[in-house]
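Subject: Structure handover

Hello,

Here is the structure to take over from me. My notes on it follow below.

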Amino acid sequence: MRVRVACAVLALTLAQPLGAQAPEGRPSPVFQVNPLGFLQFGPTGEAEFMAGRGVALAFGARVPTLGLLSYAVDPDLGFSWTGAAAIRFFFDAERQPAGWWAGPRAELGRSNSSGETYTLKGGGLEFGHRWLRASGKNITAGAMAGKFVSSSDLSGYFVMGVLNLGVGGR
């Protein structure tokens with residue numbers, strides 16, 4: 001099942017954007033997924049919108065249930081999800097949404113473990129570099145580090161890699 005989901009997400013990510021036009025010469029939104037999350041704390045999907053010169057806002061979701069390392073932290077993990085918001089500051093505003101960026105990220109969600117439901121909160125810093133093709137297909141490599149807390153007794157720090165595959169940004 002997980003392989004099918006990963007293949008479907010990858011296929012959707014590599015598809016051409018459907019005529020996305022950005023107003024006033026701004027780059028179109030970037031839609032991306034992080035399939036590396038299947039090996040870590042869950043894959044993510046997100047949409048990034050250019051908010052101004054050198055600044056972007058990203059909104060997305062993560063499904064920790066689908067991440068291998070999630071079970072190292074909580075072997076009894078049931079279905080869990082988080083919603084995310086991030087601000088990205090591009091070091092070279094002229095290249096936005098390509099090039100180096102960094103910024104804060106926050107996530108909020110719910111999880112089930114051993115028959116109990118609890119709230120998850122997390123936050124940290126992320127950075128990366130995006131390579132953008134003329135076709136609008138792109139790859140972002142980076143990392144994030146931060147802390148998560150829950151309404152159960154499970155809390156801690158995390159570090160994870162990011163390898164986003166996306167479309168948009170032209």
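Predicted model: local features only at pLDDT ≥ 70, side-chain atom pairs only at ≥ 80, totals over all residues.

Where is Pro97 found? Pro97 lies in the loop between strand 4 and strand 5.

The fold

The model has 8 strands that close into a barrel, in the order 1-2-3-4-5-6-7-8, with antiparallel pairing. From one strand to the next, the twist averages 25°.

Some of the pairings, with their residues:

- Strand 1 (residues 30–34) and strand 8 (residues 156–168) run antiparallel and are joined by 4 bridges. Here Val33 stands opposite Leu165 of strand 8.
- Strand 3 (residues 55–62) is paired with strand 4 in the antiparallel sense, over 8 bridges. Gly60 has Ala84, in strand 4, as its bridge partner.
- Strand 4 is also paired with strand 5, again in the antiparallel sense, and here over 10 bridges. The bridge partner of Ser80 is Ser111 in strand 5.

Another loop residue is worth a look in the backbone listing. Ser114 is not a glycine, yet has a positive phi of about 50°. Ser114 is found in the loop between strand 5 and strand 6.

The cavity

How many cavities of 30 Å³ or more does a search of the whole structure find? The search finds 1. About 60 Å³ of space lies in the largest cavity. The residues that line the largest cavity are Asn34, Thr44, Glu46, Arg62, Arg88, Trp101, Arg105, Glu126, Met144, Val162 and Asn164. By class, this lining has 5 charged, 3 polar and 3 nonpolar residues. At least two lining residues of the largest cavity come from each of strand 2 (44–52), strand 5 (99–113) and strand 8.

Two of the residues that line the largest cavity, Arg88 and Trp101, also form a contact with one another: the charged end of Arg88 sits over the ring of Trp101, 4.6 Å from its centre. As for pairs of aromatic rings, with ring centres required to lie within 6.5 Å, the count comes to 0.

The pocket

About 450 Å³ of space lies in the largest pocket. Its lining is made up of 27 residues, and those nearest the centre of the pocket are Phe41, Arg62, Pro64, Leu120 and Phe148.

Which strand gives the most to the lining of the largest pocket? Strand 6 does, with 7 residues. The elements that each supply at least two residues to this lining are helix 2 (68–73), strand 4 (77–90), strand 5, strand 6 (116–132), strand 7 (137–150) and strand 8. By class, the lining of the largest pocket has 14 nonpolar, 8 polar and 5 charged residues.

Strand 5 and strand 8 are named for the largest cavity and also for the largest pocket, in each case with at least two lining residues.

That is what I have on this one.

Regards

Methods:
Residues numbered from 1 in each chain as written. Heavy atoms only, no water. Pairing = 2+ DSSP bridges. Axes fitted to C-alpha atoms, helices over the stretch in contact; angles between N-to-C directions. Phe/Tyr/Trp six-rings, centres within 6.5 Å; stacked < 30°, edge-to-face > 60°. Lys NZ or Arg CZ within 6 Å of the ring centre and 35° of its normal. 1 Å grid on protein atoms, 1.4 Å probe; cavity = no way out; pocket = protein on both sides within 12 Å on 5 of 7 lines; lining within 4 Å. Points joined across faces, edges and corners; volume = space filled by probe spheres on them. Nonpolar A, V, L, I, M, F, W, Y, C, P; charged D, E, K, R; others polar.
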